[in-house]
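Subject: Handing over the structure, with notes

Dear colleague,

I am passing on the structure that follows, together with some notes on what was found in it. Please keep it open beside the notes as you read.

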4 protein chains.
Amino acid sequence: MPGWLSRPRDQHPTNDSLSHSTLKKRHIGNMLVVMKRQAPQPQVDAVIERIEQLGLKAHPMPGATRTAIGITGNTAAIDPSVLAGMPGVLELLRVTKPYKLASREMHIDDTVVRLPQSQFGPHTFTVIAGPCSVENESMMRQTAAFLRDLGVRLLRGGAFKPRTSPYSFQGHGEEGLRILKAVGREFGMGIVTEVMDASQVADVESAADMLQIGARNMQNFTLLKAVSQSSKPVLLKRGIAATLEEWLMAAEYLLAGGNDQVVLCERGVRTFADHSRNTLDLSIVPPVKQHSHLPVIVDPSHGTGNRAFVPAMSLAALAAGADGIMVEVHPEPDRALSDGAQSLTFSQFEQLLESLRKLAAVMDRQLV
Amino acid sequence: MPGWLSRPRDQHPTNDSLSHSTLKKRHIGNMLVVMKRQAPQPQVDAVIERIEQLGLKAHPMPGATRTAIGITGNTAAIDPSVLAGMPGVLELLRVTKPYKLASREMHIDDTVVRLPQSQFGPHTFTVIAGPCSVENESMMRQTAAFLRDLGVRLLRGGAFKPRTSPYSFQGHGEEGLRILKAVGREFGMGIVTEVMDASQVADVESAADMLQIGARNMQNFTLLKAVSQSSKPVLLKRGIAATLEEWLMAAEYLLAGGNDQVVLCERGVRTFADHSRNTLDLSIVPPVKQHSHLPVIVDPSHGTGNRAFVPAMSLAALAAGADGIMVEVHPEPDRALSDGAQSLTFSQFEQLLESLRKLAAVMDRQLV
Amino acid sequence: MPGWLSRPRDQHPTNDSLSHSTLKKRHIGNMLVVMKRQAPQPQVDAVIERIEQLGLKAHPMPGATRTAIGITGNTAAIDPSVLAGMPGVLELLRVTKPYKLASREMHIDDTVVRLPQSQFGPHTFTVIAGPCSVENESMMRQTAAFLRDLGVRLLRGGAFKPRTSPYSFQGHGEEGLRILKAVGREFGMGIVTEVMDASQVADVESAADMLQIGARNMQNFTLLKAVSQSSKPVLLKRGIAATLEEWLMAAEYLLAGGNDQVVLCERGVRTFADHSRNTLDLSIVPPVKQHSHLPVIVDPSHGTGNRAFVPAMSLAALAAGADGIMVEVHPEPDRALSDGAQSLTFSQFEQLLESLRKLAAVMDRQLV
Amino acid sequence: MPGWLSRPRDQHPTNDSLSHSTLKKRHIGNMLVVMKRQAPQPQVDAVIERIEQLGLKAHPMPGATRTAIGITGNTAAIDPSVLAGMPGVLELLRVTKPYKLASREMHIDDTVVRLPQSQFGPHTFTVIAGPCSVENESMMRQTAAFLRDLGVRLLRGGAFKPRTSPYSFQGHGEEGLRILKAVGREFGMGIVTEVMDASQVADVESAADMLQIGARNMQNFTLLKAVSQSSKPVLLKRGIAATLEEWLMAAEYLLAGGNDQVVLCERGVRTFADHSRNTLDLSIVPPVKQHSHLPVIVDPSHGTGNRAFVPAMSLAALAAGADGIMVEVHPEPDRALSDGAQSLTFSQFEQLLESLRKLAAVMDRQLV
């Protein structure tokens with residue numbers, strides 16, 4: 001009877017003849033070949049061929065700027081130098097965690113994700129603000145003008161809205177994208193908006209400065225693969241019941257595909273608790289920092305679902321070590337087409353920004 | 001301070017000036033116009049125009065055989081007869097639950113979902129069996145031959161596999177579909193296989209008799225809308241942290257889009273418990289039956305992640321009132337490319353079927 | 001960076017210099033000395049003294065019929081024969097699981113727990129029935145008469161009621177015990193009732209044939225130790241967020257203290273799901289059977305909180321391999337002082353018993 | 001059917017003929033009579049008699065300084081003036097929430113809980129520090145000396161330790177209390193220590209300045225009632241799966257019994273997440289403040305189980321609006337008898353205190 005009690009959630013239970021440590025060993029055996037940026041295709045093909053000659057299986061993951069090749073099979077027997085010396089190979093990695101490119105083991109320093117208008121990293125606290133959904137051009141312009149005057153550089157707003165009910169407002173779609181693009185240009189703000197499906201990536205990319213992947217899509221692997229090919233930075237929300245490992249594995253899909261401009265976003269998880277819409281899990285921020293080099297921000301609006309709790313949770317996010325927040329602001333929250341109860345009014349937001357500024361100074365971060 | 005403690009999870013918290021009962025009233029106000037099957041487009045357009053004349057918003061949801069039109073806005077003031085009498089209108093519904101077409105309120109009798117080879121409904125207990133993934137043609141033929149001899153009519157097998165890690169085996173894709181189709185034809189079995197993305201629907205449809213939507217995709221609304229246009233029955237798995245209402249709302253996307261051949265599948269949810277991979281939630285079966293007319297089956301393989309627990313949970317599913325099970329069987333589970341630990345061996349499966357047959361007799365169901 | 005991802009929930013995270021495997025080794029090192037039944041105190045004292053001479057710490061756990069002595073410290077270095085040969089020592093166990101006496105490793109065969117009126121074990125399916133609380137003598141007599149006529153041998157009813165609110169009905173206390181005792185004698189039924197505090201054990205023991213420990217008290221260690229000294233069998237409910245290991249560890253407190261007549265009772269756990277009051281976790285039944293020799297029953301009344309779901313869950317419990325159920329029955333559920341919504345009426349209960357009888361025949365169990 | 005709320009989880013599902021709103025109305029009918037401090041017993045008896053004459057049920061709750069009398073039954077028909085005018089009656093309350101004395105409805109201003117050495121309230125941030133368990137006098141003196149020099153006024157340390165395993169170190173009991181009392185006196189620090197059972201209250205009271213009720217005992221109602229009679233302030237930890245309402249109801253037991261010096265303590269809840277030992281739920285702090293006047297502090301040591309995460313979560317607690325923290329500090333954490341992995345070293349604690357001091361200045365709180 002194997003060590004069932006110590007079985008981690010994300011590992012399949014062993015059958016009787018297969019011990020936990022055996023499984024782990026097999027897992028540790030997996031390797032990753034990272035090709036140099038711009039390595040030509042024939043070099044990639046040669047590595048794949050060599051892997052297969054060794055009796056292993058190659059999993060090429062072409063990205064925008066480089067290709068990685070996963071190896072599965074009994075890699076314990078490989079002499080790494082066989083592959084490491086081949087033309088075009090940058091490095092050969094033994095995977096000790098299931099995620100690799102997202103791991104701090106691989107990348108000691110904090111990653112800074114840069115947009116033309118702003119950035120996410122260890123010395124800043126980045127604020128993304130705006131309404132839940134793009135309702136019309138007038139309210140977007142009004143909101144953008146207000147936010148830009150306060151120094152906010154990134155504007156959020158949903159054109160495509162994932163909704164539990166088929167009968168709920170589903171966003172204005174392409175018209176919403178057009179508005180976002182126009183308003184972003186007019187006010188010089190970066191646009192952060194959600195892409196819900198692989199088929200929308202090209203459209204959303206043309207309007208947005210940062211592509212948001214929503215909680216429900218954190219494991220939409222087709223979408224992750226499509227977005228991994230984009231040259232735009234990605235905001236990857238944590239799934240509503242995702243472990244840290246699953247979240248970093250979703251990021252790994254993006255990184256492995258070639259997009260290394262990934263910002264994580266905690267937005268509340270589902271628990272038995274009913275004091276707020278979701279349970280905002282700030283306690284994941286320090287573990288994210290320990291295990292990954294990627295920036296992580298917090299969405300207190302969806303996380304609590306209640307504007308009364310947003311300011312306290314925003315300050316707490318900063319104190320916990322998060323690299324920013326994404327917060328909903330609406331000119332008239334009570335008339336919002338979606339999520340009005342969790343949107344701050346303009347004056348509430350202004351007051352929050354003031355508090356964040358004071359706290360950021362103590363935390364050695366600059367509010368951007 | 002409003003009745004925050006009585007707020008259901010799936011409703012947004014109210015702001016201070018908006019009471020729970022107000023919200024509820026607004027919700028109750030929503031309506032659904034169901035058009036007759038084959039109502040011509042001009043009739044649909046006329047209804048939409050009329051709705052907009054009333055100052056409301058129309059949400060047309062065209063389906064394969066009929067169109068439904070959701071109405072949002074202040075519907076409390078509408079006189080229903082205005083719409084009910086229009087040409088092509090089948091009925092006008094006030095939505096008292098957020099899901100409507102999936103609700104037993106709307107459809108007293110149990111729905112029977114029929115495939116050419118089998119069916120799902122109140123008088124049968126339907127067994128879907130097969131390996132987690134289509135590994136190669138030989139093992140699929142071996143498994144199909146074994147299952148068909150035992151009277152199993154529906155064969156499962158994944159061609160596209162959603163995997164947490166980008167470095168894990170992701171299925172054989174189109175080659176897998178080809179094998180499934182060939183084996184299904186050779187043995188006269190119905191094929192149940194997963195479609196992971198809207199872009200795959202046409203391909204999967206051509207090989208499968210029933211389209212499976214996986215737990216991670218339960219709220220992939222683009223996929224739900226695409227599958228709602230299919231003429232093939234759908235197996236809709238419950239999301240890993242989905243409430244009953246969210247699950248039925250996902251089904252509602254399918255029904256509202258015109259596909260009313262939907263079978264629900266409980267496959268385990270995520271909790272604090274660690275005695276099995278997921279927590280198989282048989283306790284949702286009676287509430288599903290109470291609130292919906294759709295058939296519901298259980299997947300004890302993913303639900304427990306451990307073959308040792310599969311037989312007991314299969315019998316319990318039948319006793320709890322489920323309409324079937326989907327269970328993983330593999331000729332050599334220890335050599336499976338995925339999920340081997342939860343697959344039954346041939347002899348274990350044969351023994352389970354024997355036990356199910358005895359129990360089904362007592363439960364007044366026929367094993368199919 | 002240690003193996004944080006594989007850390008089981010119930011183990012403290014390691015600090016940086018202490019690896020998971022080290023911790024585990026330390027744990028494996030722990031030992032248990034089981035003294036012979038009736039070993040005289042001087043023999044016990046001699047063993048304790050010897051343990052301390054070895055530089056270890058002794059944890060004597062005197063029970064009704066025998067004493068066990070836990071050993072903590074660096075036991076890796078001990079030569080077991082030093083202790084094994086001492087007078088009065090029955091055996092010396094290395095603890096590979098944190099629970100030992102409750103483990104199937106230690107006790108291959110299923111335990112049968114016997115009461116004068118009934119029993120719990122692998123060949124029976126035992127029904128405990130009765131109202132949530134003892135409301136008055138008349139309704140208890142009416143209920144007992146009805147149940148006894150149907151062949152039910154064990155009567156439940158709460159005299160002391162744990163209630164979330166200090167303003168709720170808290171049970172009739174000693175008067176309730178008096179009624180239970182009188183009714184049990186009159187109808188020849190065994191009484192199962194809850195003991196909420198160590199100070200009540202003597203009183204409850206004098207009226208009850210089986211002491212129930214409620215979910216909220218599963219880790220009330222003072223109570224567990226007190227009940228471990230009782231000669232009456234114990235019904236140990238699973239805590240509302242207890243893992244299998246914690247539950248078996250609570251049982252271990254009882255066994256280690258000398259009371260080996262323990263029946264486990266699953267009664268629903270707390271999850272995000274809202275389709276029933278709690279989430280009845282039938283999926284724990286097979287793991288309990290795999291890891292422990294103790295009988296396990298199910299309480300579908302508290303588990304679902306809704307009488308409409310009780311019959312299906314009772315049948316499912318039987319099919320899942322449980323050894324019995326505890327179910328609430330009330331002459332007039334709508335007038336019950338507590339938990340009326342989850343109590344079956346007499347006619348519903350009679351019908352359920354009939355269904356259970358048919359199912360039990362197929363499952364090779366006798367309904368008692 | 002008194003006392004339970006209209007909230008889904010805690011609520012027994014209604015049967016079909018009993019609507020939610022009916023239930024709610026019955027609930028609103030419940031009342032509470034609060035007697036004046038020192039009202040003589042005959043006045044209390046007279047009120048009880050009057051209540052019963054009205055055909056209702058009286059629930060007297062005698063406390064150290066005053067008595068409250070709950071009323072259940074159909075109170076809708078009562079004319080409140082009948083009771084309000086009686087001698088000794090302070091006020092007559094209609095209970096709109098299940099907790100009343102703990103509610104901000106009843107007590108607009110924040111409560112300040114005072115100890116001889118320190119206090120908990122809106123203008124301070126109170127630090128309780130010390131080892132998990134009292135291991136010996138020398139380490140307690142060493143720790144106390146260190147903490148007092150840094151300005152810490154409250155010393156924690158467990159004499160009675162609730163342990164999952166009967167074979168784990170269970171604390172030094174009375175010897176531990178003696179050490180705590182001696183060290184507290186020597187260094188002029190307030191002692192905070194856990195009381196595990198009603199039978200220990202007198203002993204613990206004689207050594208401690210504040211009685212801690214642990215998470216596992218949050219619903220040990222016998223213990224709550226016993227502690228409600230104490231004149232010492234209480235630190236009430238949140239249960240591992242307790243909702244906000246259940247937590248405030250546990251506080252209500254204390255308040256209703258006469259002890260209004262209650263400080264709440266969030267210490268992590270149980271969820272699916274595995275990135276830390278428990279999931280520290282800082283998101284409950286703002287709702288506690290909204291719904292109750294009681295101070296609330298945070299235990300980041302048990303909440304995360306990992307010292308690496310304690311500083312960030314301590315700062316976040318302060319930013320979220322908590323009134324203090326309780327944190328584990330140990331001279332040599334790696335040699336601790338319990339919970340070493342989550343204890344800070346002296347130098348880590350000193351550094352944390354420095355960070356807290358800076359942050360407290362910005363948050364307009366004084367570190368005490």
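Two residues are said to be in contact if their C-beta atoms, placed from the backbone, lie within 7 Å. Helices (H or I, at least four residues) and strands (E, at least two) are DSSP runs, numbered from the N terminus.

This is a predicted model, in which local features need pLDDT of at least 70 and side-chain atom pairs count only at pLDDT 80 or more, while totals for chains, interfaces and linings use all residues. Residues are numbered from 1 along each chain as its sequence is written, and chains are lettered from A and ligands numbered from 1 in the order in which they are written.

Helix pairs

In chain D, helix 11 (residues 310-320) and helix 12 (residues 346-362) pack with their axes 10 Å apart and at an angle of about 20 degrees, where axes are lines fitted to C-alpha atoms, for helices over the stretch in contact, and angles run from 0 to 180 degrees between N-to-C directions. That makes helix 11 of chain D roughly parallel to helix 12 of chain D (angles under 35 degrees count as roughly parallel, over 145 as roughly antiparallel, 65 to 115 as roughly perpendicular and the rest as oblique). On the side of helix 11 of chain D, the residues that meet helix 12 of chain D are P311(D), S314(D), L315(D), L318(D) and A319(D), and their partners in helix 12 of chain D are L352(D), S355(D), L356(D), L359(D) and A360(D). This contact of helix 11 with helix 12 of chain D divides into eight nonpolar, two polar and no charged residues, where Ala, Val, Leu, Ile, Met, Phe, Trp, Tyr, Cys and Pro count as nonpolar, Asp, Glu, Lys and Arg as charged, and the others, Gly among them, as polar.

In chain B, the axes of helix 4 (residues 137-149) and helix 5 (residues 174-187) come within 10 Å and cross at roughly 30 degrees, which makes helix 4 of chain B roughly parallel to helix 5 of chain B. Here E137(B), M140(B), R141(B), A144(B), A145(B) and R148(B) of helix 4 of chain B meet I179(B), V183(B) and F187(B) of helix 5 of chain B, and the residues of this contact divide into six nonpolar, no polar and three charged.

Chains D and C

Chain D is superposed on chain C, with an RMSD of 0.2 Å, by a rotation of 179 degrees with 0.1 Å of shift along its axis (copies are superposed by least squares on the C-alpha atoms of residues with pLDDT of at least 70 in both). The two copies are thus related as by a two-fold rotation axis. Of the residues of chain D, A241(D) comes closest to that axis, at 3.0 Å (C-alpha).

The contact takes 51 residues from chain D and 49 residues from chain C. On the side of chain D that touches chain C, the elements that give two or more residues are strand 2 (57-62), strand 3 (67-72), helix 7 (221-228) and helix 8 (244-256) of chain D, and helix 8 of chain D gives the most, with five residues. That side of chain D holds 20 nonpolar, 19 polar and 12 charged residues. Since 86% of the interface residues of chain D are also interface residues in chain C, the copies meet through the same surface.

Chains C and B

Chain C can be laid on chain B with an RMSD of 0.2 Å by a turn of 180 degrees and a shift of 0.0 Å along the axis, and A316(C) is the residue of chain C that comes closest to the rotation axis, at 2.2 Å (C-alpha). In this pair, 37 residues of chain C are in contact with 36 residues of chain B. The elements of chain C that give two or more residues to the side that touches chain B are helix 9 (285-291), helix 10 (300-304), helix 11 (310-320) and helix 12 (346-362), and the largest share, seven residues, comes from helix 11 of chain C. By class, this side of chain C has 23 nonpolar, 10 polar and four charged residues. Of the interface residues of chain C, 97% are also interface residues in chain B, so the copies meet through the same surface.

With best regards
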